[in-house]
Amino acid sequence: ITKHTMKVFVTRRIPQEGMAILKQAGICEVSVWDSDEPVPRSDLLKRVEGVHGLLCMLSDRIDTEVLDAAGPNLKVISTLSVGFDHLAIDELRKRGIRLGYTPDVLTDATAELTVALLLATARRLPEGIQEVKSGGWSSWKPLWLCGYGLSGSTVGVLGLGRIGLAIAQRLKPFGVKRLLYTGRHPKPHAQEVDGEYVPLDTLLCESDFVVVSCALTPDTCGLCDKAFFSKMKTTAVFINTSRLGAVVNQDDLFEALSIGQIAAAGLDVTSPEPLPTDHPLLTLTNCVILPHIGSATYSTRATMAKLSANNLLAGLTRDAMPSELKL
């Protein structure tokens, strides 16, 4: 292959920092689905024909059909995401296609957003904003819009991985008294936040704030269900900023919030995404739902774009990738 014949397809408009790297490399011909909206399936199948590299998003389903449409030239896929549930991993392994992804770089942004969501939910910020706008703000009342504070509280984190630890590090300075965590094994790095490794039931019974930051596995799918919520304190706040909404049974969450089984919930991930506007959870004042914006800072998205561009180029030149998922 002469260096100018390598073809690359980018499935969406990405931050210019990433595009600049691809163009300046001078080793590939780049074509882009030049839109902020996802590429339609039929166009994706057409545009991948004969490409050597593919830079895709979390919303593109890269399955056997797409890989077949691309053909034998395809050597590398670079996804602008930490997650890779949208990719046919077994097929990539079979075909010897390398995979780049963007872990680590969104840890800080997601941890910050988790803290913001926790505070907004616990201190009822969206309700307060609504009251100001609708004229509900009248004279001062002793218990009006009262919520729950972090000072002296117990926080439970499900999954003390990179993001879970970053969340814990940010919550501790608020005066959190105990930091409990659960997972498959105790984590050596938990000592940085004085984390106590406890069984899930203990965490649920004792925590004032329950933060879900685990990966979606067969064990965690639907983990947060009726039995889960029934073990929580009635004054507890539930937060989910994990990678996927499927960890939560949303019907059970709706019931728990409606009957006062738990105090409030804040979600940055739902199932499905986007959540239909007529979903029951959206009728509740004690449920704050964000549109999956965990990593949405300008700098984080620029860093993700640069990393995915560099991963793609390394795959094309058969060099070591900055961030490769070993298949």
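Biologist: How far apart are the end C-alpha atoms of helix α11, residues 298-316?

Modeller: They are 27 Å apart, which agrees with the 27 Å that its 19 residues should span at 1.5 Å a residue. The expected span is 1.5 Å times one less than the number of residues. Helices (H or I, at least four residues) and strands (E, at least two) are DSSP runs numbered from the N terminus. This is a predicted model, in which local features need pLDDT of at least 70. Residues are numbered from 1 along each chain as its sequence is written.

Biologist: Which residue just after α11 takes a positive phi?

Modeller: Arginine 318, with phi of about 60°.

Biologist: Is arginine 318 buried or exposed?

Modeller: Arginine 318 is exposed, with a relative accessible area of 62%. Exposed means over 50% relative accessible area, buried under 20%, and partly exposed in between (1.4 Å probe, protein chains only).

Biologist: Where does leucine 145 lie?

Modeller: In the loop between α6 (125-134) and β6 (154-158). Leucine 145 also has a positive phi, of about 55°. Most residues other than glycine have a negative phi, and most peptide bonds are trans.

Biologist: On peptide bonds, which residues does the cis bond with omega of about 0° join?

Modeller: Serine 271 and proline 272. The bond from glutamate 273 to proline 274 is also cis, with omega near -5°.

Biologist: Which residues does the UniProt domain annotation cover?

Modeller: The unreviewed entry gives residues 8-324 as "D-isomer specific 2-hydroxyacid dehydrogenase catalytic". UniProt positions follow the numbering used here, feature names are shortened, and annotations may be inferred rather than shown by experiment. That span is 34% helix and 15% strand.

Technical notes:
This is a predicted model: local features need pLDDT of at least 70, side-chain atom pairs count only at pLDDT 80 or more; totals for chains, interfaces and linings use all residues. Side-chain values use heavy atoms; hydrogens and water are left out.
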